[in-house]
Amino acid sequence: MHWLKQKLQQIKAAGLERKLKLVSGRSAVATVIDGKESINFSGNDYLGLADDPEIAAALIAAVKKYGVGSGASHLVTGHNCEHQLLEEELAEFLGRDRALLFSSGYMANNGIIPALVSAKGAVFQDRLNHASLIDGAKLSGAKMVRYAHGDVDHLQKRYLSLKEGIAQESIVVTDGVFSMDGDIAPLPQLAQFARDKNLPLMVDDAHGLGVIGRSGRGSVDSFGLGQADVPVLMGTLGKAFGVYGAFIAGEHDLIEYLLQTARTYMFTTALPPSVAAATRAALKKVITDEWRRQQLTDLIAYLKESAAEENIELLASSTPIQPLLIGDSSRAVAISQALADQGLIVSAIRPPTVPEGTARLRITISATHTREHIDRLISAIKTVYKADQNG
Ligand code: PMP
C-alpha cells in the first residue's frame, strides 16, 4: 500500500495529524499526561465520577461476584442481572417505559438509525450532529438531509423540498447538547415540527445527561419534554456517568423492536457485568450529588467571567463545553501544544470533527476543577493565544 505514506503526508501538511496523548495518571482532572503533571480541560468526565472510589468499589465487588467478561452477546447468555437492573433504573430515572443497553454511544447510533429508517426514508440531521449519527444514517441507506445548525425553519424548508412519499419513513435526529459547540438544540421547536409531520424525534444526549435537567435528566427534561415529545432518547455512560456504555430509552415497542433488530445490539458482546454495576453506582450519585452540578455551574460562570475580563471570546454556551474558536487548524494545534507545555491539556479540534475553517480549542469543565485551575488556564491562554494573535 504505497499510497499510505503520501496520504499521511497530506494529513500532516494540512495540520490535521492527530497524536495520541499518553495518560499515566488517574482518570481525574489532575493527572499525568505524556509524563507531565497536568490539568485536563479536555475530558467529558463532567461530574468527576470517573475516579470515584465508591463507583470503583462497586465495579470491583461485581468482578468478584460475576467474573470479568460477560462472555456472550445479550441475546445469547451475556445479559447479566446487573445489566437488567441498570436498564430498569435508567428507565425509571428518565420516566420512560424501558431502556436498552448498548456497548457504546457510537454503536448505539449505528444500530438505532438503520433499525428505524428504511432505505426509502430520510434522516433529517442538524449540520453539527455527532459523527456517529451521521454514520448511522449512512448505514441505513436512507437519504441524508442536513439542516443548518439549530435552524428549524431551514429543517422545514428541507422537508418541503423533498418528494412526496420519502418523508413518511423518516426520522429527525439531533444532539441534545452539541459535542463540539456546547450549545443546546431547540428541542421544543423540533418536537413541535416532528409532531406536525408525524415523524419520530431522536435526541443523542451524550453531553446533556447527568449535567442539565432535573437531577441530571438531560436536555429533554430541561425543556420539560418527555417520552411523548422525544420518543427516541440516546444517552452515553462514559461521560458525566464516568463509566462506559450507552443506552436507548423509550416506549416498550420501540425497545422491543430494537432488541429484535438493531444489529449493533445483537451481534456484539455485552458489556462486562461489573461495568453495569459501576454504572448503577454512578446513577445513584448522578441523582443525589446535586452539589456536583452546582459546582459545575459555578465553575462555568467563573470561566466565562474570567475569559470576558481578558477579552478572550468563548463561543456562546451555558454547558461545560466552552470552545474558543481559532479557525486555522495548524494555529489551533500550536496553541494547544503551548498550553500542554505548561501542563494544561486543551484539545485542538479540527476538521473533519468540525466544519472546515472552524478549528477550535475545546475547553471542558468538570465539577472537580478548582478556581485555581481556571485561573491558570486563563492566564496561560492570555499569553499564548494573544501572542499568537499578534504574531
Ligand atoms: N454522541 C455524541 C454526541 C458524542 O459526543 C459521542 C462521544 N464523543 C458519542 C455519541 C459516542 O459515544 P461513545 O463514546 O459512548 O461511543
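Colleague: Where does Met-1 lie relative to α1?

Modeller: The model is predicted, so local features need pLDDT of at least 70 and side-chain atom pairs count only at pLDDT 80 or more, while totals for chains, interfaces and linings use all residues. Residues are numbered from 1 along each chain as its sequence is written, and side-chain values use heavy atoms, with hydrogens and water left out. Helices (H or I, at least four residues) and strands (E, at least two) are DSSP runs numbered from the N terminus, and Met-1 is placed in the segment before α1 (3-13).

Colleague: Is Met-1 buried or exposed?

Modeller: Buried means under 20% relative accessible area, exposed over 50%, and partly exposed in between (1.4 Å probe, protein chains only). Because its relative accessibility is 72%, Met-1 counts as exposed.

Colleague: Which helix holds Arg-158, and what is the relative accessible area of Arg-158?

Modeller: Arg-158 is found in helix α7, which covers residues 152-161. Arg-158 is classed as partly exposed, its relative accessible area being 31%.

Colleague: Which strands stand at the edges of the open sheet?

Modeller: The open sheet has 3 strands in the order β1-β2-β11, with mixed pairing. Two strands each have a single partner strand, so one side of each is left without a neighbour in the sheet, and these are β1 (30-33) and β11 (344-345).

Colleague: Which residue in β2 is the bridge partner of Val-32?

Modeller: Two strands pair if DSSP finds at least two bridges between them, and β1 pairs with strand β2 (residues 36-40) in the antiparallel sense over 4 bridges. In β2, the bridge partner of Val-32 is Glu-37.
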